[in-house]
Amino acid sequence: MLDPVTTFLMRESVDLLLPFLTTLINTSLMQGRLPSSQKHAIVTPHLKRSGLDPTDIANFRPVSNLTFMSKVTERVAASQITTYLSANGLMPRIQSAYRKKHSTETAMLRVWSDVLTPADVREVTQLGLLDLSAAFDCVDHNILLHGLEVAFGLTHTEFEWIRSFLTDRMQ
């Protein structure tokens with residue numbers, strides 16, 4: 001177990017712990033680094049779905065369990081980054097993920113509209129679908145960091161925090 005205190009106990013004591021947790025998170029973000037204690041994960045295999053043969057290793061997927069503080073810090077950072085991208089018009093207009101008032105339903109409505117609009121004028125539509133569910137696992141972190149710096153203007157402390165988040169992780 002990575003957390004010395006269970007998440008249940010943390011939630012029950014949140015009023016007492018909140019000032020301490022806030023200081024930890026703010027210090028991490030202001031210093032531009034994620035503490036190494038928050039870069040540890042315990043990986044456990046889980047069956048992809050019930051009913052699969054548990055003796056076949058191909059039927060399992062790895063699940064990384066992170067510390068409570070790591071999850072909370074990541075959510076705060078993600079919220080701040082999303083706010084920055086939205087406020088500066090850097091989120092793609094058609095992106096539905098990680099946006100308020102957008103969902104898989106709004107994404108599907110967009111695709112449906114893109115299919116029906118040409119059909120209304122008797123044009124043919126082709127639809128290519130890709131499964132990108134594990135795409136982030138294949139992203140070169142240096143290329144990602146370069147893109148964040150050049151295309152999105154992330155520099156200094158924010159950039160260093162993301163670099164720290166991506167490097168030296170342990171499982």
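Predicted model: local features only at pLDDT ≥ 70, side-chain atom pairs only at ≥ 80, totals over all residues.
Trainee: Why is the pair of Trp161 and Phe165 called stacked?

Mentor: Rings of Phe, Tyr and Trp (for Trp the six-membered ring) pair if their centres lie within 6.5 Å, and planes under 30 degrees apart count as stacked, over 60 as edge-to-face and the rest as tilted. By this rule there is 1 aromatic pair. The ring centres of Trp161 and Phe165 are 5.4 Å apart and their planes are at 20°, so the pair is stacked.

Trainee: Where do Trp161 and Phe165 lie?

Mentor: Both belong to helix α6, residues 156–166, and they are 4 residues apart, about one turn of the helix. Helices (H or I, at least four residues) and strands (E, at least two) are DSSP runs, numbered from the N terminus.

Trainee: How do you know whether Trp161 is buried or exposed?

Mentor: Buried means under 20% relative accessible area, exposed over 50%, and partly exposed in between, with a 1.4 Å probe and protein chains only. Trp161 has 6% relative accessibility and therefore counts as buried, and Phe165, with a relative accessible area of 18%, is buried too.

Trainee: What lies over the face of Phe165?

Mentor: Arg169 does, at 4.6 Å from the ring centre. A charge sits over a ring if NZ of Lys or CZ of Arg is within 6 Å of the ring centre and within 35 degrees of the ring normal.

Trainee: Which residues lie nearest the centre of the largest pocket?

Mentor: They are Glu74, Tyr98, Phe136, Phe165 and Leu166, out of 38 lining residues. Helix α3 provides the largest share of this lining, 8 residues.

Trainee: How does the lining of the largest pocket divide by class?

Mentor: It divides into 25 nonpolar, 7 polar and 6 charged residues. Here Ala, Val, Leu, Ile, Met, Phe, Trp, Tyr, Cys and Pro count as nonpolar, Asp, Glu, Lys and Arg as charged, and the others, Gly among them, as polar.

Trainee: What can be said of the second largest pocket?

Mentor: About 320 Å³ of space lies in the second largest pocket. Of its 19 lining residues, Phe20, Leu24, Ser37, Gln38 and Met69 are the closest to its centre. Helix α2 gives the most to this lining, with 7 residues, and by class the lining has 11 nonpolar, 6 polar and 2 charged residues.

Trainee: Why is Ser70 called buried?

Mentor: Ser70, found in helix α3, has 1% relative accessibility, so it counts as buried. The side chain of Ser70 reaches the backbone oxygen of Gln38 at 3.1 Å. A polar contact is a pair of N or O atoms within 3.5 Å; within protein, one must be able to donate a hydrogen and the other to accept it, and residues adjacent in sequence count only if both atoms are side-chain atoms.

Trainee: Why does Ala58 count as partly exposed?

Mentor: Ala58 has 47% relative accessibility, and therefore counts as partly exposed. Its place is in the loop between β1 and β2.

Trainee: Why is Arg122 called exposed?

Mentor: Its relative accessible area is 81%, so Arg122 is exposed. Arg122 is found in the loop between α4 and α5, and its phi is near 60°, a positive value in a residue other than glycine.

Note on methods:
Residues numbered from 1 in each chain as written. Heavy atoms only, no water. 1 Å grid on protein atoms, 1.4 Å probe; cavity = no way out; pocket = protein on both sides within 12 Å on 5 of 7 lines; lining within 4 Å. Points joined across faces, edges and corners; volume = space filled by probe spheres on them.
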